[in-house]
Amino acid sequence: MPTRPHPAQPRVWERFVAIGDSFTEGMVDVDPEREGEYVGWADRVAAGLAARNELEGRPFGYANLAIRGRLIDAIIAEQLEAALTLKPDLVSFSAGGNDVLRPRVSIDHVLGKLEVGVERIRETGADVLLVTAPNVAWASLVNRVHPRMVEYTAELWGVAQRTGSFVVDLYTMQSLRDARMWGEDRIHFTSAGHARIAAQALWTLGMPFEVRDWLDPLEAPAPLGRFESLAADRDWVAAHLRPWIHRRLHGESSGDHRLPKRPEILPVAARQVPQSTLPEQSSDASQGPPLLEADVHHQQSPH
């Protein structure tokens, strides 16, 4: 970019577009009203922003172009310009996670592509919301990609500083270092995980909260025994790792033939956002914080 942009500053946005992969599509935050579909952190953020705008008498619309399985090159090719045609004033751009999972990956290449995409968005005057990788050092087997997650996160902060973007910091969220925040595939977040990420994103965007209780870890569960842990790892390899390897070897993707869940900017039926996103005295990790239960209706693209 010819000049360094001003640092990101919270303001009121009216047109929010989310682009990315399965994380932004919402896996595995199951939508209770639509079989086989997901809600996710971006939908929950849209609900929070819509509620704030409603209180201020401002309009709000939201689109989500993210599709599971997409690599960063595909996200830029398929979603970036499509997002900009919607004339957003805020774009969430989370990409590269699927690239990082591959054994041969250049983090420099991935983040270089990301930065070019961010610069393109910033040229339009829209703000950008980036997301760090989470800390997975604690997670059995998945922790093998932790060094790449660290490098991705470090490089992403640099991209944000150079482009004047917001950053949702997942890496330091202690509450996410808990198997109950993750789905059975150990890759995607549960409803409870997505709700906490949405709260972190809204706080990053300047939404007021009296307490940041979504950061608090849950009470530690009883530890698994050695044989239980080994059995869980074996089941995970059979149910999730082997199918992923099979798809990769055959050039297939979980997102093949899928369309964006919300291809156009549409109004969001917002619910009031409480000051705290987590229920008091709640230790039920199976339920997402009541906030951010977004009433966001999706429709498939007619094309």
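These legends go with several close-up views of a predicted model.

Local features here need pLDDT of at least 70 and side-chain atom pairs pLDDT 80 or more, while totals for chains, interfaces and linings use all residues. Numbering starts from 1 along each chain as its sequence is written, and side-chain values use heavy atoms, with hydrogens and water left out.

**View 1. The whole chain, for orientation.** The chain has 8 helices and 6 strands, taken as DSSP runs numbered from the N terminus (helices H or I, at least four residues; strands E, at least two). Starting at the N terminus, the elements go β-α-α-β-α-β-α-α-β-α-β-α-α-β. Of the 303 residues, 52% count as buried, i.e. under 20% relative accessible area with a 1.4 Å probe, protein chains only (exposed is over 50%, partly exposed in between). Take the contacts between residues at least 6 apart in sequence: 78% of them join residues at least 24 apart. Contact here is heavy atoms within 4.5 Å.

**View 2. Helix H3 against helix H5.** H3 (residues 72-84) and H5 (residues 107-123) pack at an angle of about 5°, their axes 11 Å apart. Those axes are lines fitted to C-alpha atoms over the stretch in contact, with angles from 0 to 180 degrees between N-to-C directions. So H3 is roughly parallel to H5, a label for angles under 35 degrees. On the H3 side, the residues in contact include Ile72, Ile76 and Leu80; on the H5 side, Val110, Leu114 and Ile121 are among them. By class, this contact has 7 nonpolar, 2 polar and 4 charged residues. Nonpolar covers Ala, Val, Leu, Ile, Met, Phe, Trp, Tyr, Cys and Pro; charged covers Asp, Glu, Lys and Arg; the others, Gly among them, are polar.

**View 3. H3 on its own.** H3 has a kink of about 30° centred on Glu78, the bend being the angle between axes fitted to the seven residues ending there and the seven starting there. Its buried residues are Ile72, Ile75, Gln79, Leu80, Ala83 and Leu84. They pack against strand S1 (15-20), strand S3 (90-94), helix H4 (97-100) and H5.

**View 4. Helix H7 and what follows.** H7 (residues 191-204) is mostly covered, with 13 of its 14 residues buried. After H7 comes Gly206, with a positive phi near 95°.

**View 5. The loop around Val30.** Val30 sits in the loop between helix H1 (22-25) and helix H2 (41-55). Leaving out residues up to four places away in sequence, Val30 touches Glu37, Tyr38, Val39 and Ser191. Val30 and Gly40, 10 residues apart in sequence, are 8.1 Å apart C-alpha to C-alpha.

Methods: Parallel < 35°, antiparallel > 145°, perpendicular 65-115°, else oblique.
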